[in-house]
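Trainee: Could you show me the model we were going to talk through? I'd like to ask where the labels come from.

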Amino acid sequence: QVQLVESGGGSVQAGGSLRLSCAASRIIFNMNAMRWYRQAPGKQRDLVATISSGGSTNYADAVKGRFTISRDNARNTAYLQMNNLKPEDTAVYYCNAVGILAYQNYWGQGTQVTVSS
């Protein structure tokens, strides 16, 4: 069963913006943290941003000042607002939910983001 569903990906020119959404079930959403990863073709998956259940955020250096992770607890949805997009941001973006225990780790199917020059 799909437990995390990403949406909002698409194609945009450099300098443009996109907003990704990650819809989750209540129990999954309210675990320890929600995270966004991305994976470009032929490259490893890397962590982009994290937001804890308490609202604390962290970002990869490559996206600081451009991306903002947030969460809407009423809608059980996490977001990734991506501004001033660059071609190097092109990747499949994945939503990830993690808890304290080892088995508490869930992934979405990913959404494609393509940034053209």
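Trainee: Which residue of strand 11 is the bridge partner of Val92?

Mentor: That's Gln112. Bear in mind that this is a predicted model, where local features need pLDDT of at least 70 and side-chain atom pairs count only at pLDDT 80 or more, while totals for chains, interfaces and linings use all residues. Residues are numbered from 1 along each chain as its sequence is written, and side-chain values use heavy atoms, with hydrogens and water left out.

Trainee: What makes strand 9 and strand 11 (residues 111–116) a pair?

Mentor: Two strands pair if DSSP finds at least two bridges between them. Strand 9 and strand 11 have 3 bridges, in the antiparallel sense, so they meet that rule. The strands themselves are DSSP runs of E, at least two residues, numbered from the N terminus, while helices are runs of H or I with at least four residues.

Trainee: Which other strands pair with strand 9?

Mentor: Strand 4 (residues 33–39) pairs with strand 9 in the antiparallel sense over 7 bridges, and Met34 stands opposite Ala97 there. Strand 10 (residues 105–107) also runs antiparallel to strand 9, joined by 3 bridges, with Asn96 opposite Trp107. A hairpin through 6 residues links strand 9 to strand 10.

Trainee: Why is Ile100 called exposed?

Mentor: Exposed means over 50% relative accessible area, buried means under 20%, and partly exposed is in between (1.4 Å probe, protein chains only). Ile100 has 74%, so exposed is the word. Ile100 sits in the loop between strand 9 and strand 10. By contrast, strand 9 (residues 91–98) has 7 of its 8 residues buried.

Trainee: How do you know what Asn76 touches?

Mentor: Contact means heavy atoms within 4.5 Å. Leaving out residues up to four places away in sequence, Asn76 touches several residues, including Cys22, Arg26 and Phe29.

Trainee: What makes a set of residues a nonpolar core?

Mentor: Its members are buried Ala, Val, Leu, Ile, Met, Phe, Trp, Tyr and Cys residues, joined through side-chain atoms within 4.5 Å. The largest one here has 29 residues, and Leu4, Met34, Trp36, Leu80, Met82 and Tyr93 touch the most other members. Among the elements supplying at least two residues each are strand 4, strand 9 and strand 11.

Trainee: Which residues does Tyr93 touch?

Mentor: Among them are Trp36, Leu80 and Met82, not counting residues up to four places away in sequence.
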